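Open the model in your viewer and keep the sequence panel beside it.

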Amino acid sequence: MNFLGGGTIKFIQCRLLRVKKLDDARVCGTDAWNMRELMMSLIYTWISTIITIFQSKVLTVVSLMKATLKYLAGSEGPSGYGSNTTAQQVAQDCFCSNIIPNLQLTAIITGATSGIGAETARVMAKNGVRVVIPARDLRKAEELKERIQRESPEAEIIALEMDLSSFASIQRFCSDFLSLGLPLHILINNAGKYSHKLEFSEDKIELTFATNYLGHFLLTEMLMEKMVETAAESGREGRIVNVTSVIHSWVKRKNFCFSKLLNPKSYNGTYAYAHSKLANILHAKELSSQLKGAATTCYVALSSQIAGISGDYFADCNLSHCSALANEEAEARKLWKQTRAFIQRRLLQPKC
């Protein structure tokens, strides 16, 4: 019976109740026939309901299977790219089709010492983008720089120290970068922290949320003026890319509370990560509203196909769908206000 929906169970109970209320003395002739007809109708309805639910389950499974097979096969989407597309393919296509002569792009990529970030940095540097790598561990950043320059001797890479979980460190990085007098065309907020146990940053904020969301929020705020200035001088649309995850869809509205994310009473590493990734999407959505005006990352950062598209969610180099909660403008605006107020209070607090 667990397979049936609650509404169906109530319907069956109702019909059975009517059968039980029939007077045994009257169960003869027409009444007996009506009872048999009622029972047949009940059985028919029950079987039909099971078949309908089964068909619905099958259709859901089939759609999931199709999506999985499409991903594994690397089928191309509307952009011409799919899950098997490499960052190098995207970058080559983008630079061949829409590079502006005599303009060297500058990109800041967080979390660039490993994973998607490292590949994004390698491909962009190989194709002539000046890459700035903020890193907590400068040794790792220098090692990446050496590997890239062995492959592409002309690559220009700048490594600067920054700990995304620390507001003070982010401020120092921004000061160091701005002092270089370089333009800023692209900001890729890629770094992601996953913590199995409850930990806190030096600012006494839950570490995953501090790193993945609050750190990127502050970094973006402090570099926004430079990006606007660069866009005005170069005539080229700037790009801010927040790298997130499909796991954001696990978050339920009732559990998404800003104050609880700062200092949770109970902790689950996976859900903490999911909440931070939902916040990244909402951040991008509100950024889009405020400014109006590895392969997927390169596509979103470089492609001319998405000029004018802002605040949207991409997967495998194609426009995709995020969760309903992640798509709510009111929720994005609320989070923006809460975050900005919180960071401003923290930055204004006297140092002990």
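A crossing of two helices is left-handed if the near helix is turned anticlockwise from the far one by less than a right angle, and right-handed if clockwise. This is a predicted model, in which local features need pLDDT of at least 70 and side-chain atom pairs count only at pLDDT 80 or more, while totals for chains, interfaces and linings use all residues. Residues are numbered from 1 along each chain as its sequence is written, and side-chain values use heavy atoms, leaving out hydrogens and water.

Select residues 167-179, helix H6, together with H7. Helices are DSSP runs of H or I, at least four residues long, numbered from the N terminus. The axes of H6 and H7 come within 10 Å and cross at roughly 25°; axes are lines fitted to C-alpha atoms over the stretch in contact, with angles from 0 to 180 degrees between N-to-C directions. H6 is therefore roughly parallel to H7, a word used for angles under 35 degrees. Their crossing is right-handed.

Next, select residues 207-234 (H7) and 269-291 (H9), whose axes come within 8 Å and cross at roughly 20°. So H7 is roughly parallel to H9 as well. This crossing is also right-handed. Show side chains where the two meet (heavy atoms within 4.5 Å): among them are Phe209, Tyr213 and Phe217 in H7, and Tyr273, His283 and Leu287 in H9.

Terms used
Helix = DSSP H or I, 4+ residues; strand = E, 2+ residues; numbered from the N terminus. Parallel < 35°, antiparallel > 145°, perpendicular 65-115°, else oblique.
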